[in-house]
Amino acid sequence: GKRNGYTLNEDEYAYDISLRLVRELISHGATAYMITRDENDGIRDDAYLPNDKEETIWKSQKIPSNTNKKLRQRARAVNKLYKKNKGRYQRLIVIHIDSRYEKQRVDIFAYYNSKSKNGKVFTANLINTVEKKYKKYQPARGFSGITRSRDNLYMLKYTHPVTGFLELGNIKNDLDQIRFIKYQNRQAIADWLTDGCIIDYKMSKK
């Protein structure tokens with residue numbers, strides 16, 4: 001995306017929100033792993049986050065340039081951690097920011113694997129929590145985020161944990177960009193997704 005002469009890179013904003021989410025989950029007693037990591041970039045409150053190519057995959061694996069190899073590497077890292085923690089409540093959250101036509105504004109939405117009943121419940125808990133938060137804090141805004149199955153996504157098809165694949169908005173849309181450039185909004189997304197995870201965890205214990 002472009003804004004005020006700056007380039008908005010999807011991966012930098014997705015990474016910042018993911019770090020905030022991990023921090024919140026840990027603060028509630030969870031064990032949380034960041035699969036894609038950048039040792040030089042922590043949580044940042046800047047509006048415009050500079051792009052770099054220093055990310056690695058857990059633990060310290062160089063990321064290949066080929067997309068299929070990149071996805072396989074990521075899925076292998078997830079599945080190894082899943083095996084290590086088997087028997088415990090585990091969830092995978094894949095966080096993306098979409099890129100569409102500039103005029104197309106989109107709310108946060110989620111995909112799940114159609115073969116996973118728990119995946120459907122998990123994504124619903126995440127999106128329903130976000131919707132409730134918007135109704136509380138911005139009652140006149142409305143919310144159009146959805147959950148739906150999409151089995152052809154690699155990280156839904158080849159990973160073992162119950163997974164929610166999130167798209168957080170359109171990086172090219174002026175209004176969606178405000179969701180990302182204000183660090184308070186990035187923190188709010190992390191807080192709300194954490195609340196959705198807590199709801200899902202409690203439901204799994206009933």
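The model is predicted, so local features need pLDDT of at least 70 and side-chain atom pairs count only at pLDDT 80 or more, while totals for chains, interfaces and linings use all residues. Residues are numbered from 1 along each chain as its sequence is written, and side-chain values use heavy atoms, with hydrogens and water left out. Helices (H or I, at least four residues) and strands (E, at least two) are DSSP runs numbered from the N terminus.

**The four-stranded sheet**

- An open sheet of 4 strands has the order β6-β9-β7-β8, with mixed pairing; two strands pair if DSSP finds at least two bridges between them.
- The edges are β6 and β8 (147–149), each with a single partner strand, so one side of each has no neighbour in the sheet.
- From one strand to the next, the twist averages 25°.
- Strand β7 (residues 109–112) runs parallel to β8, and 3 bridges join them.
- β7 also pairs with β9, in the antiparallel sense and over 3 bridges.
- Alanine 110 has a bridge partner in each of these strands: threonine 147 in β8 and leucine 166 in β9.
- Phe109 and Tyr111 point one way from β7, whereas Ala110 and Tyr112 point the other way, and all are buried; buried means under 20% relative accessible area, exposed over 50% and partly exposed in between, with a 1.4 Å probe and protein chains only.

- Strand β4 (residues 56–57) pairs with β5 over 2 bridges, and threonine 56 has lysine 62 of β5 as a bridge partner.

**Helices α3 and α6**

- The axes of α3 (117–137) and α6 (183–204) come within 8 Å and cross at roughly 130°; axes are lines fitted to C-alpha atoms, for helices over the stretch in contact, and angles run from 0 to 180 degrees between N-to-C directions.
- On the α3 side, the residues making the contact include Val121, Phe122, Leu126 and Tyr137; contact means heavy atoms within 4.5 Å.
- On the α6 side, Trp192, Leu193, Cys197 and Met203 are among them.

**Helix α5**

- In helix α5 (residues 174–181), the buried residues are Asp176, Gln177, Arg179, Phe180 and Ile181.
- The cover over these buried residues includes β1 (2–3), α1 (10–27), β6 (91–98), α3, β9 (162–170) and α6.
- Asparagine 173 caps the N-terminal end of α5, with a side-chain oxygen 3.0 Å from the backbone nitrogen of leucine 175.

**Two other loop residues**

- Asparagine 4 is in the loop between β1 and β2 (6–7).
- Asparagine 4 is not a glycine, yet its phi is positive, at about 50°.
- With 63% relative accessibility, asparagine 4 counts as exposed.
- Threonine 159, in the loop between α4 (154–157) and β9, is buried, with a relative accessible area of 8%.
- A polar atom of the threonine 159 side chain lies 2.4 Å from the backbone oxygen of methionine 155.
- The side chains of threonine 159 and threonine 163 are joined by a polar contact of 3.5 Å; a polar contact is a pair of N or O atoms within 3.5 Å, where within protein one must be able to donate a hydrogen and the other to accept it, and residues adjacent in sequence count only if both atoms are side-chain atoms.
- Not counting residues up to four places away in sequence, threonine 159 touches Ala75, Val78, Asn79, Leu92 and Tyr154.
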